[in-house]
Amino acid sequence: MTTKVISNKPIWVNSFDFSASLHEVAISYAADEKECTTLADGTHIFKNGLKSAGMAMNGYWDETTTNPVDSQNFTKTGANSVCTFAAETGAEGEIAYFMNALQNQYSLTGAVGEMFAFTVDANAAGSLVRGTIELKQAALAATGNSTGRQLGALSATQTMWAAIHCTAIGAGAQTFDAIVQSDDNGSFTSATSRIVFTQLTAIGSELKSVVGAVTDDYWRVNYTITGATPAFTVVVVLGILNT
């Protein structure tokens with residue numbers, strides 16, 4: 001077993017990386033248990049109920065051009081956000097958790113002589129997905145593909161989810177088109193487009209999915225970049241969820 005110390009873990013919410021401002025993050029995942037005991041039973045019997053997920057972020061208040069923590073939290077309160085939490089360093093191939101979440105509370109706290117702090121609470125507006133960071137690059141300037149990974153085929157009761165976060169772009173007119181592709185081999189000799197993200201011309205985020213069955217078990221991100229001097233900082237996370 002390999003344990004981890006919480007350090008240098010990116011936390012992406014929409015088009016912003018909060019990790020430089022946070023000192024604590026929590027992800028919750030639970031399933032209701034519903035009792036269905038009858039007179040014929042000698043013990044309590046339970047069945048699975050609905051699942052729930054949520055997240056909380058605790059950090060230090062800031063508001064600068066390069067670190068607009070307050071405006072990001074304030075404007076998203078009461079709205080849905082695409083949230084991705086790196087389990088390790090945030091490198092390609094590592095585990096991450098992601099979901100669409102309703103940010104329902106933004107609290108500011110402070111005392112004399114102490115740090116001005118904030119707390120954000122959110123509840124899932126969909127399912128929490130455990131997946132893999134497929135693409136994480138800074139200042140991408142040329143068309144290409146991510147490393148293909150054998151994430152698995154999709155049964156008729158499974159869905160491939162994909163989240164994209166673009167946290168920075170260069171100056172000038174430029175575009176970024178990302179497509180999640182699958183194939184039955186790691187060389188992607190017959191790649192099939194499965195998820196097409198909305199074209200990026202500015203920072204932004206999106207969560208999309210494709211429902212199985214898909215017999216292909218290799219997955220990658222194909223991206224096309226245009227512009228005179230393009231530079232995109234982009235993260236894409238993929239994960240399979242039972243529906």
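R194 and D216 form a salt bridge in which the closest N and O atoms are 3.3 Å apart; the term stands for a side-chain nitrogen of Lys or Arg within 4 Å of a carboxyl oxygen of Asp or Glu. R194 lies in strand β12 (residues 192-196) and D216 in the loop between β13 (204-211) and β14 (218-227), so the pair ties together parts that are 22 residues apart in sequence. Strands (E, at least two residues) and helices (H or I, at least four) are DSSP runs, numbered from the N terminus. D216 is buried, with a relative accessible area of 10%, while R194 counts as partly exposed at 29% relative accessibility. Here buried means under 20% relative accessible area, exposed means over 50%, and partly exposed is in between, with a 1.4 Å probe and protein chains only.

The model is predicted: local features need pLDDT of at least 70, side-chain atom pairs count only at pLDDT 80 or more, and totals for chains, interfaces and linings use all residues. Residues are numbered from 1 along each chain as its sequence is written, and side-chain values use heavy atoms, with hydrogens and water left out.

A search of the whole structure finds three salt bridges. Side chains of opposite charge can pair when their charged atoms come close. Another of the salt bridges joins E134 to R149, with the closest N and O atoms 3.2 Å apart. This pair links distant parts of the chain, with E134 in strand β8 (residues 129-140) and R149 in the loop between β9 and β10, 15 residues apart. Both E134 and R149 are buried.

R149 also meets E92 in a salt bridge (4.0 Å, N to O). E92 is in the loop between β5 (80-86) and β6, and R149 in the loop between β9 (144-145) and β10 (158-169), 57 residues apart. E92 counts as partly exposed, at 27% relative accessibility. Through shared partners, salt bridges join E92, E134 and R149 into one network.

The helix α1 (residues 69-76) has V69, D70, Q72 and N73 buried. These residues are on the same side of α1 because they cover an arc of only 165° around the axis, the arc being that of the directions from the helix axis to the C-beta atoms. On the other side of α1, F74 and T75 are exposed. The buried residues of α1 are covered by elements including β2 (16-17), β4 (46-60), β6 (95-109) and β7 (117-124), where contact means heavy atoms within 4.5 Å. After α1 comes G78, with a positive phi near 90°.
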